[in-house]
Amino acid sequence: MPTQILSREDKAATSAVSETPEQAAPAASLQFGRALLVAVLAAAVVSLVMLAFSWPTVTSDPKDLPIAAVGDEEQIDQIAGNAPDGMLDLTTVDTRAEAVKLIEEREVYGAFVLEDEPEILIAKAASPAVAQQLSTIGTQMQHSIDQQAISGLQEGSKKMQEQMQKALEAAAAGQAPSQGSPAGDGADPVASAQEVPQVTITDVVPLSDDDPSGAGLAIAGLPLTLGGIIGGVLTSMGIRSRRMRLVGTLVYGIVGGLALALIMQTWFGILQGDFAINALAIGLSIAATVGLINGFVSLIGPAGIAVGAVLTMFIGNPIASLNQPKEFLAGSWGEIGQFFVPGAAGTLLRDLSYFPDAPLALQWWVLSAWLAVGIALILVGHVIAHRKAHAAAH
């Protein structure tokens, strides 16, 4: 009689048929509980992802924006009073040149120059959102100035009418006109209209013509983060040797940095400035993520991919302040985000492109530190694995 070979499904079905109802009930209950647990955990993960990416935008609020101001104390107080409560953090400077310097060094987002000809300095390259808000304040200032001018014209016209009436009455009575004639004291509406100051809005650091809205620069951090995660997954799963993973991390950073710089700067025109420095910054940022994932994988196994992805994508990216100023985020999250790879990389590329006078050391050190952590984890994982293999051999 030929031997009958049963598949796993056949065996399971045969076993299920042979089970009594009392035995099948606990097994079905266990499977139902497992399915319920997996579904709840999956929903929780989706909820956390949604919260991580939507929370910074939903809770964003313009506050404590560093802005320079040139003018006397009364004028500056008036500007602060017209702006929404807590929105501006004004720094008084003496000249327009000082204000421009602070903008170019990224110490402030813009400036109010409250002189004879009022001017608002903006920098769309720093933040299109802040530039728009400052422009709105400029519109409100102009409206206020126009209203004051209209009030002055109306008051001058009223005085002229009163004086003309008095002159007519004096002439009818046969008296000589008084010295306060319309020509002497009345306001000239045309002259008053010509003297109304106009608020000028000047973009000190504009965006490039290839990225006029700044959208390309704002979303540049996401491809860098995804590129680092994908590189980390491929190198950690495709390279068995821990030491060779270190080599793969460095090579990936070099090649990826050059490739992404070619796309972002030469092709799309998103990045400005020196190509080699931009390529180095991109390469360092993606190598930091790749090294981090490889380090955790070398240390704790495949679960390290999830750890690296959570640190970069689900924690670092939402608080990176790529789409809005870091001051918009609640609490100190905007500042904290600058110490993760996405935040440091985004700020570094923006400054390299448009603000060469801004201090860049912090961003370079942050990215280098994350890469160093990844390399250290790879080496530690290699040493631990080598010791375990040596112990097993003896």
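"Buried" here means under 20% relative accessible area, "exposed" means over 50%, and "partly exposed" is what lies in between, using a 1.4 Å probe and protein chains only. The model is predicted, so local features need pLDDT of at least 70 and side-chain atom pairs count only at pLDDT 80 or more, while totals for chains, interfaces and linings use all residues. Residues are numbered from 1 along each chain as its sequence is written, and side-chain values use heavy atoms, leaving out hydrogens and water.

Let's walk through the charged pairs. Side chains of opposite charge can pair when their charged atoms come close. Counting a salt bridge as a side-chain nitrogen of Lys or Arg within 4 Å of a carboxyl oxygen of Asp or Glu, a search of the whole structure turns up three.

Start with E119 and R96, whose closest N and O atoms sit 2.8 Å apart. E119 belongs to strand β4 (residues 119–122) and R96 to helix α4 (residues 96–104), so this pair ties together parts that are 23 residues apart in sequence. Helices (H or I, at least four residues) and strands (E, at least two) are DSSP runs, numbered from the N terminus. E119 is buried at 12% relative accessible area, whereas R96 is partly exposed at 33%.

Next up, D351 and R106 form a salt bridge at 2.9 Å, N to O. D351 is in helix α14 (residues 341–354) and R106 in the loop between α4 and β3 (110–113), so parts 245 residues apart in sequence are tied together. D351 is buried, at 3%, and R106 is partly exposed, at 25%.

Finally, K326 and E327 meet at 3.7 Å, N to O. K326 is partly exposed at 26%, while E327 is buried at 16%.
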